[in-house]
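Good morning, everyone, and thank you for making time for this short talk.

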Amino acid sequence: MSYISKPVAHHPQLPRNKLGLTRRDYEGSMSTLCAGCGHDSITAAIIEASFEMDLPAHRIAKVSGIGCSSKAPTYFMNRSHGFNSVHGRMPSVTTGAAIANRDLVYIGVSGDGDTASIGLGQFCHAVRRRLNMTYIVMNNGCYGLTKGQFSATNDKSSPSKKGEANPFDAIDLCQLAIQLGAGFVARSFSGDKNQLVPLIQAAISYNGFAFLDVISPCVTFNNHTTSTKSYEYVRAHNLASENHLDYVEPKEEITIDYAEGTTADIELHDGSRLILNKLDSQHDPRDADAALMAIRTNAAKGAVATGLLYIDPTQQDMHDILATDARPLNALPMTELCPGSKALEAINARLQ
Amino acid sequence: MSGINDFVVKFATVNGSGSASANGIFAKTLFRMGIPVSPKNIFPSNIQGLPTWYEVRVSEAGYTARREGIDLMVAMNPQSYPQDVAEIVPGGWLLYDSTLPRIWPRSDITVLGIPIAEMCAKKWNDPRQRQLFKNMVYVGALTALLDIDLKVLEGAIGDQLKGKEKLVSANMEAVALGRDFASKTFQCPLPIHVRHATGAKGKILVSGNDAAGLGAIYAGATVCAWYPITPSTSLAEAYEKYAKRLRVAKDGRRLYGIVQAEDELAAIGIAIGGGWNGARSFTATSGPGISLMSEFLGLAYFAEVPVVLFNIQRGGPSTGMPTRTQQSDITICAYASHGDTKHVLLFPKDPTECFSMGAEAFDLAERLQTPVMVMSDLDIGMNDWMTDAFSWDDSKAHDRGKVLDAETLEKFAELKGKDWGRYQDIDGDGIPYRTLPGTHPTKGAFFTRGTSHDENARYTEDGVIHARVIDRIRRKHETAATIVPKPEIGIRDKGGKTGLIYFGATTPAVREALDLLERDGIHVNAMRIKAFPFTREVASFCAMHDRVFVVEQNRDAQMRALLMTEANVPGTKLIPALNYDGMPMTAAFVRGAVLKELKPAQVAAE
């Protein structure tokens, strides 16, 4: 039995957000992933981000495909509806859900197998469609549930736990997302909560397709010393962090001091602001070519470029393209949707 | 059989030459003269250059099935001359473009040569006009040969060319050219010709795909996801056409969302996502698409998500005959996906039912929280059928099924005496109550999954719970068998022991065959199946008869197998009558199948 609910009792003095909710109110059932799995840290970051943003949990829809990562939506936000669909097909299910109700926040959780192999086509087309969602890949370079086979994001230089070489080049999902026109592309590491939480907040605030590739070590099958998706390796090679992002909610005052010339200030549709504190890099994340270059040059050095890699704050989303009504389609009354018998008479007349 | 208002004309042309609209105008004109017509487009999987045909059966008696034996062949394509000439009945006519005169191998037909290309070359300078107007020249010749009402023809041309009025007079000039030549050259009209009639009065001429797209509009469907595949494409296009007309708000915003998906998997995924979120959602596809959508259909079955799928069946297996018709997806649709799955199917018989069942499918899908497939086919979907006008009862509310709003969720235990759980069978009909995302801040959230789950939607690997849940879903399908459309039963021989089962596009052929058989002295009771799971009338019809013909358009007698498995009808009494050459079924075929069994001596003599 792998469904374990958590006890509901909690400390009376837990901090509460503007909705009067505690962090516990954003939790899900007990994780059944391996102890130390990076995915659980990402889950914790999603809970933290939503709590801080005062998101009403029931206005969130959690969607996923199949795999260890796709189980994760069970482990956060019990008050949200979730949909654990079929392998690699989360993007299409989310597309339909989003057309039906544009007012919900869609958080998709997928893995590197689910997105970079079986679901690569659906991923690409969700990007093309400018689907308004946050798409998180919990990327560990292997298939966990089927015991450690290579996935398509595993680096060529990175052998398996048993020492088998990986003969294939990796698919870099961030580069792919940028090339396909995703408006928000970031990479992070499950072990860097300070970087991850504001990135998730920014992704949720972003109106359009927000993609987050989070390297998330598989402690059981891909955390050996020769793996490039291990905690050790990513910590050691994440020095090339492109930037650190602070997420500032709409109407909130900016309270952090930044050194002159080290920040970029980007405003999103909902009025929230992203204060980017550039670290090593000089690349402007509004420049897609520069972002691609930064990923590639870092990768060539064996480093992992993390942070907000690319953003287009003005992009149209799917509903703009489809010109759908401002109200959710699932809330339209039948009186507006069914033309009735009078209109049918006119149609019959034309067909006579 | 042939005579006034009773004959078959066939046009043999080249794909992409503009003949389709001329042929359509021809059929529409006869229809508007009040004469029952049934046009059938027999086309290649090709855009330009290959042979294509258009048959029009004219039948004052109202028989609209395809009929073999061509009375008048309009042969405009030298590529297909040999087979076209062979199809003409003895005593029939051949109209051809005699710009290059030919000697024809048959002395039992009358050849009507018209130098069409030469006439067009003299009349028009523009090569495109020379080509296109050739079609209207032969239509013009037919107005004289068949005594067609010119005024009605002009009206039909005007409707076809709405907004391009200048072209109407140009087309009428081409018509006059052909008409004058025929009047002067041949003895007009031919013994087969038309006259005004009343059989088509009050009817409409429309394709099933057009009707089904409209049905989805009337059902209130707002999410349409599809991937182009013949012969279903025009259904999604029809939905869009009507949505643009009927579903745009005053500010120009659309009350619908259409996605041309990247493949069939995504198309059904989008429709399921929309259904999960409380919007009426559908997709349209054909055989290969069903194969691709199967995994998702299993998810929607097991997670109990409403979705409507229009399957416009074509010739299989594999890519098969994409432009020919069949009823060969019954087995795959009834049981699509791995594991124990079973789906609700509807079998419309014509475009009128594509409209009404197309709309009803959404009610059933939401009532039963499961996929519902509307089993149309290429013949119904893409051909124009003379059919009853659409009707809609404004007083009948759409059935949105058991969906809880915030208020009902609050009071659920009070109202029902039990706590809510997504998959709890509260009412004993196997149908649980569902909630939509975003409904209530603290109640009603659950995790939809394709993995095994308990009555509260929690993951389980407990075999007892798993069996309990899938047994409950089976009970839901037993409920389905009480609410899907009942079969239509026609008793011609009270107490008689010979029955015949049919469904879908074969309906006109079966009805005509039953009339023909009466003349042979054979009275057969018939039942038209409209839905699966079978309502109890289906089994009792079979029980009432000693032998039951099952007429279908596939090789493996798929409906017969379904009757044996699902209605426990002994196979020994079910006699298959199968046609699977991809052509719409004829009455002669059905009659022959019955006679072969009942009066083999007569068949041998014929």
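Predicted model: local features only at pLDDT ≥ 70, side-chain atom pairs only at ≥ 80, totals over all residues.

Where else does chain B have a cis peptide bond? A cis bond also joins B:Thr230 and B:Pro231, where omega is again about 5 degrees. B:Pro231 belongs to the loop between S8 and helix H8 (233–246) of chain B. One more backbone detail belongs with these, namely B:Ser318, a residue other than glycine whose phi is positive, near 55 degrees. You will find B:Ser318 in the loop that runs between strand S11 (307–313) and H11 of chain B. For those who are new to this, the reason for pointing such places out is that most residues other than glycine have a negative phi, and most peptide bonds are trans.

Now let us step back to the layout of chain B, which is divided into domain 1 (6–201), domain 2 (206–388), domain 3 (403–483) and domain 4 (488–605). How far apart are the centres of domain 2 and domain 4 of chain B? Taken over C-alpha atoms, the two centres are separated by 27 Å. To their contact, domain 2 of chain B gives 21 residues and domain 4 of chain B gives 21 residues. On the domain 2 side, the elements that supply two or more residues to this contact are helix H11 (330–334), strand S12 (344–346), strand S13 (371–377) and helix H13 (378–382) of chain B. Sorted by class, the residues on that side of domain 2 of chain B that touches domain 4 of chain B are 10 nonpolar, 6 polar and 5 charged.

Next, please find the sheet in chain B, an open one in which 6 strands follow the order S2-S3-S1-S4-S5-S6, with mixed pairing. Its edges are strand S2 (37–42) and strand S6 (110–114) of chain B, each of which pairs on one side only. From one strand to the next, the twist averages 15 degrees. If we look at one pair within this sheet, S2(B) and strand S3 (residues 51–59) of chain B run antiparallel and are joined over 6 bridges. As one example of a bridge, B:Lys40 has B:Glu55 in S3(B) as its partner.

In chain B, helix H5 (residues 150–160) and helix H6 (residues 165–185) pack at an angle of about 140 degrees, and their axes are 10 Å apart. Because of that angle, H5(B) is oblique to H6(B). Their contact involves B:Leu153, B:Glu154, B:Ile157 and B:Gly158 of H5(B), together with B:Val168, B:Asn171, B:Met172 and B:Val175 of H6(B). In terms of class, this contact of H5(B) with H6(B) has 5 nonpolar, 2 polar and 1 charged residues. The crossing of H5(B) and H6(B) is right-handed.

Finally, how many residues of each chain are in contact where chain B meets chain A? On chain B there are 59 residues in contact with 52 residues of chain A. On the side of chain B that touches chain A, the largest share comes from H9(B), with 9 residues. By class, this side of chain B has 32 nonpolar, 17 polar and 10 charged residues. The two chains also share strand pairing, for strand S2 (residues 81–84) of chain A is joined to S17(B) by 3 bridges, and these two strands run parallel. In that pairing, A:Gly82 has B:Phe447 in S17(B) as its bridge partner.

Notes:
Residues numbered from 1 in each chain as written. Chains lettered and ligands numbered in written order. Pairing = 2+ DSSP bridges. Helix = DSSP H or I, 4+ residues; strand = E, 2+ residues; numbered from the N terminus. Axes fitted to C-alpha atoms, helices over the stretch in contact; angles between N-to-C directions. Contact = placed C-beta atoms within 7 Å. Nonpolar A, V, L, I, M, F, W, Y, C, P; charged D, E, K, R; others polar. Parallel < 35°, antiparallel > 145°, perpendicular 65-115°, else oblique. Left-handed = near helix turned anticlockwise from the far one by under 90°. Domains from an automatic or database assignment.
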